[in-house]
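Subject: Structure handover and what was found in it

Dear colleague,

Here is the structure you asked to see, with the sequence alongside.

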Amino acid sequence: RGLGDVYKRQAYQFAPGFGIIAQSPYPVYVLEDENGYAVSKDGVKVELVRGMMQDNALIAELRILDYRKVSRGDDRGADSWIYDIRCFGPGIPDTGYTAERMGTHSENRDTGDSGYRETLAEFCTVSKKIDTEKGLDGYYFRIGGLDEKLDFSWTQAKGYEQIQDMEGAVTHKGRWMLTRAVPAGEKGLAVELYAFSEKNGEQVAPGRINPLSSQKEEITLLGKDKKVYRQMGESLPMVMNREPEVEYRINGSDGRIWYFDVPSELQKGSFLLSVPSVTLISSEESRVIILPLTGEKAGKEGVSDREILFKDHGLEIVSMEATGGKGTFGPEMGASDGEGTGESLFCRLELRAQAAKGSGQMEMVLCRVKTKGTSDQDEWLDVMPDKESVSDPDLGGRFIFNLPYEEGDDSITFQLWHPYYVWEQPFSLEISVS
């Protein structure tokens, strides 16, 4: 099988396990068997859980279950157990492709008298040519230490002119949700939820996803017997992105997976998924603001306009205080190497969000501050809100940032971006599991 007819551009394409791809000039390919593929040999089982290919970029998630005692007894760290994985197929050179980006996570599982090591491996290529004209069948993975190859085939993803043509899609004011469920045995019923916004520059996420908020609204599942099933832990991204170098963005929506405590024997039939609210993430950026640190106009009084406006919401600079001591950069400061990567003086900046004007309460906002880079060139450093920050429906939100600066600096330059809003709009989605 080759590509067949010339690709007819569709406004939307749906890739199960990944999301809704919008306005792409390239066809999307997904696994022909939506249930995935598996192979077992000598105490090792390898599952191809999901896969997607588009414009010479390939991403696949493999699950490796190693029942051999030698693997469970290995004393290396969980993330050190890495397999040699290579992909082959008619559209790939004979030598195959190794991953350009790879993320893995492993841990031991106990099942009574026996157990196994479970490894999730995310395999990505982003720039290696894959010639789909040479066929979509006959692809396979080879995993180091396993004699059997894992065969699989691609098929072109379904295309749609309108999102409402997708079965089960539900909309409110240009925001869409789509769901499907897959039985997962003892892990519960796996419910995949895809959210999409027709508004340019806006991303939709089910529920409240703000780590600063103490208000956690639970997404629930109602069975045909009217029994309410609960989430088993936090939701998981469909694309792991466990390692910083593994990054695969989809121009449309990213999906998430929830596991619900549905017994194995009841993981079929009709269910109703209830999402009490959604988080809207805007791509907006504020104006660049300069806060003086020295002189008569030091502090917030040195800023002529203390209001920072976005399209529908605003914040006000409440206070600014330069600290006398030094602090340590950590991951929350945008550093990539963990805590201890550098020291700096800090300025404590407090902002207050205005009350909502109809489109949702501001839950969180991100910040970036201009710093001197290692080559004395200006660089922007991402800064997350401090843990003291709060978001309150009645108070409008209070955000505190510790902005780094160096001795001798007479001002701090920063910009706010990516405001998060909670939209109190419930979604109800019907699910049919065969």
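Before anything else, a word on confidence: pLDDT is the predictor's confidence in each residue, on a scale from 0 to 100, and a contact means heavy atoms within 4.5 Å. You will want both terms at hand, as this is a predicted model.

pLDDT stays under 50 over residues 1-6, although the model has 15 contacts for that stretch beyond four places in sequence. Where pLDDT is low, the predicted coordinates should not be read in detail. Over the protein as a whole the average pLDDT is 79, and 76% of the residues score at least 70. Confidence is lowest in helix H1 (residues 69-72), with a mean of 56, and highest in strand S12 (residues 150-152), with 96.

Overall picture

The protein has one helix and 33 strands. Of its 434 residues, 48% count as buried, and the protein exposes about 21800 Å², of which carbon and sulfur atoms supply 45%. Among the contacts with a separation of 6 or more, 68% are accounted for by residues 24 or more positions apart.

Four strands form an open sheet in the order S8-S7-S11-S12, with antiparallel pairing. Strand S8 (97-98) and S12 stand at the edges with a single partner strand each, so one side of each is left without a neighbour in the sheet. Within this sheet, strand S7 (residues 85-88) and S11 pair in the antiparallel sense over four bridges, and the bridge partner of Cys87 in S11 is Phe141.

Phe141 also belongs to an aromatic cluster, which it forms with Tyr37, Phe123, Tyr139, Phe152 and Trp154. The count of aromatic pairs comes to 12. One of them joins Tyr139 and Phe152, whose ring centres are 6.1 Å apart and whose planes stand at 40°, so the pair is tilted. Tyr139 lies in strand S11 (residues 139-143) and Phe152 in strand S12, so this pair ties together parts that are 13 residues apart in sequence. Tyr139 is buried, with a relative accessible area of 0%, and Phe152 is buried as well, at 2%. The rings of Phe152 and Trp154 have their centres 5.4 Å apart and their planes at 85°, so that pair is edge-to-face; Trp154, like Phe152, is buried.

Strand S23 and its partners

Strand S23 (residues 269-275) runs antiparallel to strand S19 (residues 220-223), and four bridges join the two; here Gly223 stands opposite Phe271 in S23. S23 also pairs with strand S33 (residues 427-433), again in the antiparallel sense, over seven bridges, and Leu272 stands opposite Glu430 in S33.

Charges over rings

Two arginines may be worth a look on screen. The charged end of Arg175 sits over the ring of Trp423, 4.6 Å from its centre, while that of Arg368 sits over the ring of Trp417, 4.5 Å from its centre.

Leaving aside residues up to four places away in sequence, Ser286 touches Ile308, Phe310, Gln415 and Leu416.

Asn56, in the loop between strand S5 (44-54) and strand S6 (57-66), has a positive phi of about 65° although it is not a glycine, and at 26% relative accessibility Asn56 counts as partly exposed. Lys226, in the loop between S19 and strand S20 (228-229), has a positive phi of about 70° and is likewise not a glycine; at 66% relative accessibility, Lys226 counts as exposed.

With best wishes

Definitions and conventions
Residues are numbered from 1 along each chain as its sequence is written. This is a predicted model: local features need pLDDT of at least 70, side-chain atom pairs count only at pLDDT 80 or more; totals for chains, interfaces and linings use all residues. Side-chain values use heavy atoms; hydrogens and water are left out. Buried means under 20% relative accessible area, exposed over 50%, partly exposed in between (1.4 Å probe, protein chains only). Accessible areas come from the Shrake-Rupley method with a 1.4 Å probe; for residues, only the protein chains shown count as cover. Two strands pair if DSSP finds at least two bridges between them. Rings of Phe, Tyr and Trp (its six-membered ring) pair if their centres lie within 6.5 Å; planes under 30 degrees apart count as stacked, over 60 as edge-to-face and the rest as tilted. A charge sits over a ring if NZ of Lys or CZ of Arg is within 6 Å of the ring centre and within 35 degrees of the ring normal.
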